[in-house]
Amino acid sequence: MPFVSPESFAKQTIASVQDYSILCWRAVANLFSRPRYWADIYTQMDSIGVGSMPIVVLTGFFTGCVLALQSATSLEAFGSVSLTGNLVALSMVKELGPVLTGLMVSGRNASGMASEIGSMKVTEQIDAMRALGTDPVRKLVTPRLYATVFMLFFLTIVSDAVGIAGGALVSVTLMGLNASSYFHNSYRALQYGDVVQGLTKPLFSGFIIATVGCYFGMTTKGGTQGVGKATTQAVVYSSVFIIIVDFIVSRAMIGIFGR
Amino acid sequence: MAADIAPVNLPQTRPDSDSAEAIVVFKDVSITFDIKPVLQNISFIVQRGETRIILGPAGGGKSVLMKLANGLIRPDTGTIRIFGEDITKMQETDLFKLRERIGMVFQESALFDSLSVEDNVAYRLHEEHVPEEEAHNRVIEALRFVELEQTIAKFPSELSGGMRRRVSIARAIIAKPDLILYDSPTGGLDPITSTTIVELVIKQRDVTHTTSLVITHRLQDAFLMARNRFNEQTGKIEPIPNGGIDDSTKFLVLNEGRVVFDGTTHELVHTSDPWLKEYLS
């Protein structure tokens, strides 16, 4: 593999950031002008939202279970096993629910978007769409963007709920805690700022998943090998961005709400 | 019966062919990919009703030229005028409007593989919100033209290469465009299927007299188009009598990104250019 000069690497990187920014702007702005592809938005909502339910439910549930199991060991040392509900609820709602849901949906859908759009790109279907007078960003990217942002928000709520339920199952059946006290502690632990923080993150994650997945799909080159590369890059970049943005949003929310 | 059929090279059959209205104008168009010049100072004009066959060896920039003509890529220098409008400076949103008047057949068909043949052919009609029944009837009509009515409910993956190419032609002509761009419609097909596709191009040329650009690297396809016509009475392709050639069919030959010939069939076969002679032999 030949070495790339620092100058051309810098130019390529800046050009990619520019293309990505333009794609994001056009994808967002397209909803505010005609034509709007509502049918495609609903189809994508079904595919991304309903289709991701099983993995989100399973991930959320078992994360809640393992969180309860692990935290109970530490809390036992301080005689505070009854606070397991607090810990599970706060961890799930503020951090694990949004991040894990984002990562799981990224693995499933960013890759799907990159491979689907990438395949269309290398088989000239994107060019055919343009030749037929349709804007591919409007037809393919905008519906995926709005569908992902909208559905990830609700998937995160589902993940939080089943995570807390999973924690409850472990706490009640394995650790002998009282179910009522678990749920009461969970409810009491959560404050307005925690919920806002937990539900702001999926908006950013959804934006990252859709735009990164579509960007790599739209810039695919080099046949089937290129599609594979675009798919891998989409998952890697979107996952890393989700975690970085999670940190930034967490810091900003702590600054705003003080917790 | 042949006397009843107006030969396709007679002016009266083409009311617009004598008008000086240029549909496609390339002027000093150049484009470079990375550091490799793909097209250099390309200039030519295609008049209304003309069928321009673009010949040349593989890698000569023919497909790039076709994409430039549809505004899918922009040249580095030079101007391209389509229907009198300079598309090199046009916004993409304006290009979408312009492309509604252009039909394009891609090299590998480029059918939407997740849509059925009907939805593929009706794509543009659906975008224009044409009523479902009217769209269906027009799809049937377009598929009948390419003799593929029976495939209406199939998906592209269920069709052969030649059938996909024919569906692609149906998709390009359904909106009755003013300009059709055929990017290697016979590329990768066996000779018999290629002939079927070329016959469809001739049929489209002689029935609607639509201006078209046709890329091919097969000389026999090019000369088949120049020497044959569609007989509307028999519904068949037949040689133009007395060894005649179709007046509206002209040639553009590209080699290594440059125009090496721009003229009529007669001028092409009587060329004195050594490279062209060798290429044609």
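The crossing of α5(A) and α7(A) is right-handed; in this naming, a crossing is right-handed if the near helix is turned clockwise from the far one by less than a right angle, and left-handed if anticlockwise. Helices here are DSSP runs of H or I with at least four residues, strands are runs of E with at least two, and both are numbered from the N terminus. This is a predicted model, in which local features need pLDDT of at least 70 and side-chain atom pairs count only at pLDDT 80 or more, while totals for chains, interfaces and linings use all residues. Residues are numbered from 1 along each chain as its sequence is written, with chains lettered from A and ligands numbered from 1 in the order in which they are written.

Back to the helix pair. Helix α5 (residues 136–173) and helix α7 (residues 192–218) of chain A pack at an angle of about 145°, and their axes are 8 Å apart. Axes are lines fitted to C-alpha atoms, for helices over the stretch in contact, and angles run from 0 to 180 degrees between N-to-C directions. Two residues are in contact if their C-beta atoms, placed from the backbone, lie within 7 Å. On the α5(A) side the meeting residues include A:Leu145, A:Val149 and A:Phe153, and on the α7(A) side they include A:Leu203, A:Phe207 and A:Ala210. By class, this contact has 13 nonpolar, 6 polar and 2 charged residues. Ala, Val, Leu, Ile, Met, Phe, Trp, Tyr, Cys and Pro count as nonpolar, Asp, Glu, Lys and Arg as charged, and the others, Gly among them, as polar.

Helix α5 of chain A also holds A:Val170, which counts as buried because it has 23 C-beta neighbours inside 10 Å. The cut-offs are 20 or more other C-beta atoms within 10 Å for buried, 12 or fewer for exposed, and partly exposed in between, with C-beta atoms placed from the backbone. Leaving aside neighbours within four places in sequence, A:Val170 touches A:Cys65, A:Ala68, A:Leu69 and A:Met175. A:Leu67 sits 103 residues away from A:Val170 in sequence, yet the two are 9.3 Å apart in space, C-alpha to C-alpha. As for the whole chain, chain A has 8 helices and 0 strands, and 45% of its 259 residues count as buried.

Chain B brings in a sheet. Here 6 strands form an open sheet with mixed pairing, in the order β6-β7-β8-β3-β11-β12; two strands pair if DSSP finds at least two bridges between them. β6 (102–105) and β12 (258–264) of chain B stand at the edges with a single partner strand each, so one side of each has no neighbour in the sheet. Strand β11 (residues 249–255) of chain B runs antiparallel to β12(B) and is joined to it by 6 bridges. B:Val253 has B:Phe261 in β12(B) as its bridge partner. Helix α6 (residues 161–173) of chain B packs on the sheet, touching β6 and β7 (179–182), and its direction makes about 170° with that of β6(B).

Between them, 10 residues of domain 1 of chain B are in contact with 9 residues of domain 2 of chain B.
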